[in-house]
Amino acid sequence: MANADSGESSETNKSNYDIFLSFRGEDTRHTFTGYLYEALSRKGIKTFMDNENLRIGDSIGPNLLKAIEHSRISIVVFSENYAASKWCLDELVKILECRNEKNMLLFPIFYKVAPSDVRYQRNSYEKAMAAHELRYGCDSEKVKKWRSALFDVSQISGHVLREGYEYKFIQDIVCKADAKLLSSKQLHIDEDMVGLQFKVEEVKSLLDLKSSDSTSMLGIYGIGGIGKTTLAKALYNTICNQFEGACFLFDVRKTSNQDKGQVHLQQTLLLELLEEGKIKFSSVEKGISILKDRLAGKKVLVVLDDVDNMEQLRALAGKCSWFGSGSRIIITTRNTYLLIAHQVKSIYEMKMLNVYESLELFCLNAFKMSSPVTNYHDLSIRAIGYAKGLPLALKVIGSNLIGKDLNEWKSALKKYKRNPHRDIQSILRISYDSLESNEKDIFLDIACFFNGQRLEYVKRILDGCEFYTEDGLRILIDRSLITVEDGHLRMHDLIQDMGRDVVKQEAPKDAAERSRLWLREDVLQVLTENRGSSKIEGIKLDCLEENLISRAFEEMKKLRILIVRNTSFSFSFGRIHLPNQLRLLDWKGFPSKSFPPDFYPKKIAAFNLRCSPLVLKKPFQKFEHLSYMNFSYCQSITRIPDVSGAKNLKELILNKCKKLVKVDESVGFLPNLVYLSASGCIQLRSFLPRIFLPSLEFLSFDMCRRLAFFPDIVGTMDKPLKICMKDTAIRELPPSFANLSGLGYLNMSNCKQLQNLPSKLFVLPNFVTLKIGGCPQLRESFTQFKGCDSRAECWPNLETLHFCNASLSDEDLYVIVHSFPKLRELNVSSNCFVSIPTYIKESINLTTLDVSYCLKLQQIPALPSSIQKVDARHCNSLTADSSSTLWSQMPREIDRLEVVMPETEIPEWLDYHGHGVIPIFWARGKFPVVALAFVFAEINYHAVNLHLFIDNEHVSVQSQHLIFNIAEDHVLLCDLRVLFRDEEWKRLDARFRHDNCWKSIQVKCEPDIILKDWGVHVYKKETNMANIQFSCPYTATLGSRSFMDLTLNMIWVSRDWVEEGSATGTDSSSDVEELDTIVQEKEASCSKSVKVLDNSSPCADSCSCCYSPGSSSFKKLRRFKFRRRLSINMISRWSEDDDVDDIDFRNQEPLSFSENLQTVMENLRRFTAPRQKKGMSNGDHDNDSFKWLAETEILSDGEYEDEDEESDSEA
């Protein structure tokens, strides 16, 4: 049988094998199998073969299972006594399982036995199986599996050797194996790839490999250089053996552009999937016909790398029906539109590396290590800041800087900022070169001027430039050249650099001959030298220069875009010369009270003239393309003139125009106005008497403290509408307010003179949010709802109510809770009520309750099951029962729980209670669902972020970090899921799914705050308690379970010793099995322990309990050099009532296996039992146990010293 010792198992964990040999050692180790192993090795085939040491127990261990799983071919050598070994039979069952589930190749070899003897268990196989039945029982499931495996494998066509010359026989087997391996050879992947395994697991989950009834396609998309091909190769290597055929077609885009390129790709696909000679044909259509005919019944894996048009997909993978059931087609592309158009349902977006992954990848290329060397940390941070998470850039820059000194680094990084590296740009430019002219112009405008700007704003400008903006932006998004995040256009810095480099190449030596200027030096050169030309279409200048004299604008006849910041101009003859071809005039601090008399830009799309001395006198007539005007902070504007000539105006912004007192009536009747904001206009008393703005979606008069009247609405306005009127002097809203049928949001907080709200407001069909905090006079208006039984008729749709600081009483609160049956969020903070009505439990939609600063609040009753967030900060009058009510939200296992309340003791029922430091625990298999309790002592901050670390690696999130408002001597209860979006939370499992190792999980506060206490409650419905621990599993293995480690690492029990028990018939098979099971399970733990000892475990770097100066037990264990000399009788002599210190193991005579196996097992069970206790500090172990180890001579003489002081100083 195949067996791996500790040295072999280490290799098993690190790499895959080409071939796994299963054989009976006493039959063929030194003859046939040994010769076969040598022949395979000479051929360069990586083969797993056992050593001389045989394993104890009745089943194979985890490392051997991994060796089988990670091998691509299994060769089973059936010899005369193969079936006599239970280990060989277990291997055979596992091999057959891998063949069925993963399509592992299996070569049976019948060495001097007949295949029929194996199939029907005759002769020696009959005797062996009879012996197994005698031992395990005729009806044993184990024996049934063995018989079935022998039958199934013997039916596979194999190699039979009865007598004769073995050399040629072995060579035939080696040649066949080599041919199979070559046809499915693993693809090369750089060893320095960071975070790749997690991504592979994520994509595997999308492939649904367990389903073999149907064929499916998966797309991987992202910008050039982000690692699509690398991920596809890693995925291919992981799963290719599960298919009857596999083919990875590289560079589909490039090959397709060659003569007969698509035909060549079709022929390659057929050649690799069918493993036959090259099939010749001359047309794509003929190739499609052959592909459909020859592959329809075959389960295959196909990867099409770098696809960039539909014709390529049509020629190579037109439909799923072309391929057999269970096939998987993977497509990598920069263009998501291709995937959607080809009806690819599963799509995976490649993300940029986070800062931690970026630093590691960069350092692996720059220093050949995972962290920066001394004095290079700051420069490394600059480098990854430039790369912005793009793997290609990190590798290119890192490789280019290797071996250079600090000055060379600084010079190179400065050069990259100005002139991007050509190896990076050439990859990124492929996407640009494939664009049409419309998309190229849009892309270059965004790269030079609009990166980071609001999407709607940019669309209006580009529309004014007569581009096909909607279609163009969609194409750029599909090709991963831009993204839209929170309503803003985003472009990766390196893609932006690529676009700007395209513009530079228009005229490398003469900026005046380029289409777009944005660099300070280039713009100043053109303007100061008056070298403006008709080639220039756009200028952006932000240079802090004063009194810049220029007439250059006069010559820029095609200037479309002019953006000026922080610059003062002195124009010839005191006049500004602006081209009439302008579409955008964005000039902060425009240096004139009026526009030039000859300036009449008929096609202007946007005026953005903030902080200017403009005095608007002339009406805006015949500006048909004008859609945006922003005159915020223009302190000379007193009135807004007639805008009736700007019928397409969509946005009008007049914020902080402090002298504004009058607005022309035409503003109130603009048919296309979507956004109107006049916040902070402190002199404005009345906006307009009447308005009808049918397209309006946002209206703001915030901080207009003298505004006393809201205009009448003269017609129905049904667009979704948000109105903000905080801190105004409005006393009432007109009855015509009910014409705002699209109103969904109204904020009138701190309108202290507001006396009532129209009753019809609450029956508006879309009205869901009302914020009236700080409006104490409105309290009286709620009396109309007392005794209202038909709540659905009162306020049918209101979901959010903020009514803080309004002197609400208990009765007021009852009316609110009773009258708003659909409330989801209720904020009644800073009020006077004493108790929350018990009726609140009927608010089955309520998820958020804010009662913070309710200083008199005492009673909080049972809350509805829907509640997720409760803010009870500074509710210092709460009773103990009320605090218990809030604590009780944890065992209810509420999704995304978040509770803040004054400090109380952590309940006993929590699964773990820790003191000080930071929360830390360990998990495996999948990320656990837990809620944490944080007890804060003295703090200087009242806003805290929480950050998650797995094995000391920060887990970044795309969403903004959630801010928790806390207070001194308060408790925060928090389900960790609140930190992540749903898709981000699901991705956490990928970090645990690819292995079953324990990983440390830490939650750190930002800013750094020392906790008084903390606790953890595990959501039992979603987390298996066997997969979470609160003391380090690595140190626990070395400390509290030292006996088991010694059993595995220091005891060598011979094969003869085990077989003595079998021969005498005195052993208990169940106890032998249990002993072997414990040994196997603890072996995996011990392999982790070895990692801790050599400081290579992630735990050693991340666990505060393991790496802190206080963890003296861990550090002592790291210095121990254990002797491999302990008899099993040590454990058998340990009776149940003995204390470990009372046992004298020295000078004991060894006991036979048959005498005390039961005692051995009982004591092993006791010693390996978990020792977790509530309140036990992580990593705590009894120091006396280490002294005892020394005294019993388990440790070498002089190897133990009590070195607490020295250890702490070393740490």
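Started with strand 28 (residues 721–724): 4 bridges join it to strand 29, and the two run parallel. I looked up a facing pair and found Lys722 opposite Tyr745 in strand 29. This is a predicted model, so I keep that in mind throughout.

On the strand 30 (residues 769–771) side, strand 29 pairs in the parallel sense over 3 bridges. Here Leu746 stands opposite Leu770.

I count 5 strands in the order 7-8-9-6-10, with parallel pairing. Which strands stand at the edges? They are strand 7 (245–249) and strand 10 (346–349); each has a single partner strand, so one side of each lacks a neighbour in the sheet. The twist from one strand to the next averages 15°.

Helix 10 (residues 196–207) lies across strand 6, strand 9 (328–333) and strand 10, at about 165° to strand 10. Helix 13 (residues 261–274) packs on the sheet too, touching strand 7 and strand 8 (300–307), and its direction makes about 150° with that of strand 7.

Helix 5 (residues 86–102) got a length check. At 1.5 Å a residue its 17 residues should span 24 Å, and the end C-alpha atoms are 24 Å apart, which agrees. At its start, a side-chain oxygen of Ser85 comes to within 3.3 Å of the backbone nitrogen of Trp87. After the helix comes Asn103, with a positive phi near 60°.

I also listed buried residues in helix 5: among them are Trp87, Cys88, Leu89, Leu92, Ile95, Leu96 and Cys98.

Last entry: His159, found in strand 5 (residues 159–161). Buried or exposed? His159 has a relative accessible area of 16%, and the cut-off for buried is under 20%, so His159 counts as buried. Leaving aside neighbours within four places in sequence, I find His159 in contact with Pro108, Ile109, Phe110, Phe169, Ile173 and Lys176.

Terms used. Residues numbered from 1 in each chain as written. Predicted model: local features only at pLDDT ≥ 70, side-chain atom pairs only at ≥ 80, totals over all residues. Heavy atoms only, no water. Pairing = 2+ DSSP bridges. Axes fitted to C-alpha atoms, helices over the stretch in contact; angles between N-to-C directions. Contact = heavy atoms within 4.5 Å. Expected span 1.5 Å × (residues − 1). Buried < 20%, exposed > 50% of the residue type's maximum accessible area, 1.4 Å probe, protein only. Polar contact = N/O pair within 3.5 Å; in protein donor to acceptor, adjacent residues only side chain to side chain.
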